[in-house]
Amino acid sequence: MTSVVIAVLPITVAVAGAIHRRWIPTGDNAIFAIRARDVFTTHPPLLGAWTSAALLTKTNFNNPGPLLFDALAVPTRFFGGSGLAVGVALLNCLAVVGIAIFAYRRGGPLLGTAAMAAVAALGWSMGSEVLFDAQAPSSLVLPFLCFVMLIWSITCCDLAAIPWALGVGSLLVEAYLVYAYLVALLMTWAAIGLIVELRRRRRDASWQALRRRLVRIGAVAGLVLVACWAQPLVEQFTGDGPGNLGRLLSEIGDPALRSVGFARGTQFVAQVVALPPWWFRPSFRGTLEFGGSATPSLGGAVASLTVVVALLAGCAWDARRRRDREVMSAVVTATVAVFAGLVTAGLVAVGPFGPTFHVFTWLWPIGAFMFFGVVATIVRHLEHVQRRSVSLVGALMVSAVVFSVLNLPSTNHGASSDPSAIPVARAIDRQLGSLTGKGPILIDHLYGGRFADPYGPAVIAELQRRGISFVTADSVLVRQFGSARRFNGRNARSALFLQVGNDRTAAPAGTPRVAHYEGLTSTQQRQLAAVKQQLAVYIRDGDLRLNRTGVAALASGHLPVLRNQLAIGRTDPDSFFGSGELVQMVRDGDLTLRSPWLGRFELFGTLQTLSDDHTVSLYLTSRP
């Protein structure tokens, strides 16, 4: 019990800090909050979130099911603006408790504490802010580790794990399609391992009772499976247009959904589970560069994974020699998980932005379980030889404490929410009371073309919280928010427009403004105006010089404004200021600058970025 408390401590501290900071969902988190609240309405979600993989095909489709929305529904509805964070934290805590229970069932306090040490280390690698992030790549990391623990338990003939594995596996696949291969392969291994173990026990005196229990558990497992997949099946046969499951099946083999490939997939797996820093910090970061300089060569990846498999084989041999079936099964399960990871990494579709970090977050729990299998082998070997179980448990407890304490400070290693956008979104939300009674509102123009914009979804979530209905004509947003919110040309009384930064084309001229947040203080505005005047003189005098990085960026087409200016033989400062290209050059270090101009350009970049990212206005038209 103590080790469980230690493992969940960073989760509870992280979500308590979020509540204290008045955290609210923005960006994609806000979409999760909207759909979680919809669970208690007359049009509950029957599907998971829309997936960006659909951008590569001619068909819009979603992740298979809404179980993640269902799991987050109660806390999101009843704990206010931070309810979504509370819900994700509770889900992670339940996953930790599940891991502890089944690890203790396999090996008592020794393996139970080893599992909690692995959980604490994985949480530390994730960082505290990810522990309450609702995005499926983040919120499913600990549940997936729990799922692998359940698979291990099934192969040890722990029949109680079967319905739980089916439930957690369904949650994973429904919420994030990437898990389909992983869950299918691991469930196949669970079935094989269970059959082998049942055959071994057929001559035991308890066989008849075990067989009767298997029948009862099988019936419960069937009910769990039906309950988990009822909503997607209802949508398939009663939904508006072709069903989502049919859409997903129709896209299998679509050449537009190009896979990563097994060569690159092997490199990605090795990068996390076989090479330093392995799955520990600082590997779990949204900036992890798959395909970059940190990615090993194919030869290096194969060699390092060979070493990993050899290590696992040695652990399995040691456990078999000691007749330790539980540990041997854990090591084999870890090996199967690595193999499933290789298959998944090779088959997963490359999204519109290439193979991104978020598609591969499942590698970290695989690495953690592999680590657990090796540690379990070592501690059980030492327990067998030295008979010092208490001291081994104490050492594992200390390691769990160290990792948990290290994870108490707030750290963001890949959470989808931009912390700096939350105060802005909260300030905008406070001004939306004037929209009461003006629904339904068309919300298509709240997505202003900015990738991963945090404000539009946050405004929509606030409309929902205030009971202001909204509709959309955009086919992607219909898939996000449900067909009940489809705009039919008549069911909207007004339309909202979002302006971020100084984009004067975001709303029709003369549209009344209903909410505004200024990203710069009056002092900062004066500073920005003054430094822009200085930079304008610098640019007109032709002093703007590119360094090697800038020359490469210009050659690759990343600086179109500068290219056009050079083509016509003049430099117009307003073109650079208006396009944002000068900020880009400052941020990327493309310019050759000396003091005092280096400081002036850096001040400009800082203030202009604040203005561009945090100056937000909402406009309302009386007609859509």
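# Charges, strands and backbone in a predicted model

The largest share of a positive surface patch, four residues, is supplied by helix H9, which covers residues 207–238. This is a predicted model, in which local features need pLDDT of at least 70 and side-chain atom pairs count only at pLDDT 80 or more, while totals for chains, interfaces and linings use all residues. Residues are numbered from 1 along each chain as its sequence is written, and side-chain values use heavy atoms, with hydrogens and water left out. Helices (H or I, at least four residues) and strands (E, at least two) are DSSP runs, numbered from the N terminus.

## The positive patch

The residues that form the patch are Arg199, Arg202, Arg211, Arg212, Arg213 and Arg216. A patch is made of residues with over 30% relative accessible area and no salt bridge, where like charges are joined within 9 Å and nonpolar side chains (Val, Leu, Ile, Met, Phe, Trp, Tyr) within 5 Å. Lys and Arg count as positive and Asp and Glu as negative, whereas His and the chain ends are not counted. The place of a charge is taken as NZ of Lys, CZ of Arg, CG of Asp or CD of Glu. Accessible areas come from the Shrake-Rupley method with a 1.4 Å probe, and for residues only the protein chains shown count as cover. Arginine 213 lies in helix H9, and its relative accessibility of 32% places it in the partly exposed class; buried means under 20% relative accessible area, exposed means over 50%, and partly exposed lies in between (1.4 Å probe, protein chains only).

## The five-stranded sheet

Five strands make an open sheet with mixed pairing, in the order E2-E1-E3-E5-E4. Strand E2 (470–471) and strand E4 (513–517) stand at the edges, and because each has a single partner strand, one side of each is left without a neighbour in the sheet. Two strands pair if DSSP finds at least two bridges between them. Strands of a sheet pair through backbone hydrogen bonds, either parallel or antiparallel.

Strand E4 runs antiparallel to strand E5 (residues 616–621), and four bridges join them; here tyrosine 517 stands opposite valine 616 in E5. Strand E5 also pairs with E3, again in the antiparallel sense, over six bridges, and leucine 496 has leucine 620 in E5 as its bridge partner. Strand E1 (residues 441–442), by contrast, pairs with E3 in the parallel sense over two bridges, with leucine 442 opposite alanine 495 in E3.

How many residues of strand E3 are buried? In E3 (residues 494–500), seven of the seven residues are buried. In a regular strand the side chains alternate between the two faces of the sheet. On one side of E3 the buried residues are Ser494, Leu496, Leu498 and Val500, and on the other they are Ala495, Phe497 and Gln499, so that both faces are covered.

## Salt bridges

Side chains of opposite charge can pair when their charged atoms come close. A salt bridge is a side-chain nitrogen of Lys or Arg within 4 Å of a carboxyl oxygen of Asp or Glu, and by this rule the count comes to 16. The table lists some of them.

| Aspartate 318 | Arginine 321 | 3.0 Å |

Glutamate 129 is buried, with a relative accessible area of 9%, whereas arginine 21 is partly exposed at 38%.

Aspartate 318 and arginine 321 both lie in helix H12 (residues 298–321), three residues apart, about one turn of the helix. Aspartate 318 is buried at 9% relative accessibility, while arginine 321 is partly exposed at 48%. Glutamate 383 and arginine 380 are likewise three residues apart, both in helix H14 (residues 363–386). Salt bridges that share partners join Asp318, Arg321, Arg322, Asp324, Glu326, Arg380 and Glu383 into one network.

## Backbone details

The peptide bond from proline 276 to proline 277 is cis, with omega near 5°, and proline 277 is found in the loop between helix H11 (262–273) and H12. Cysteine 157, a residue other than glycine, has a positive phi near 70°; cysteine 157 is buried, with a relative accessible area of 7%.
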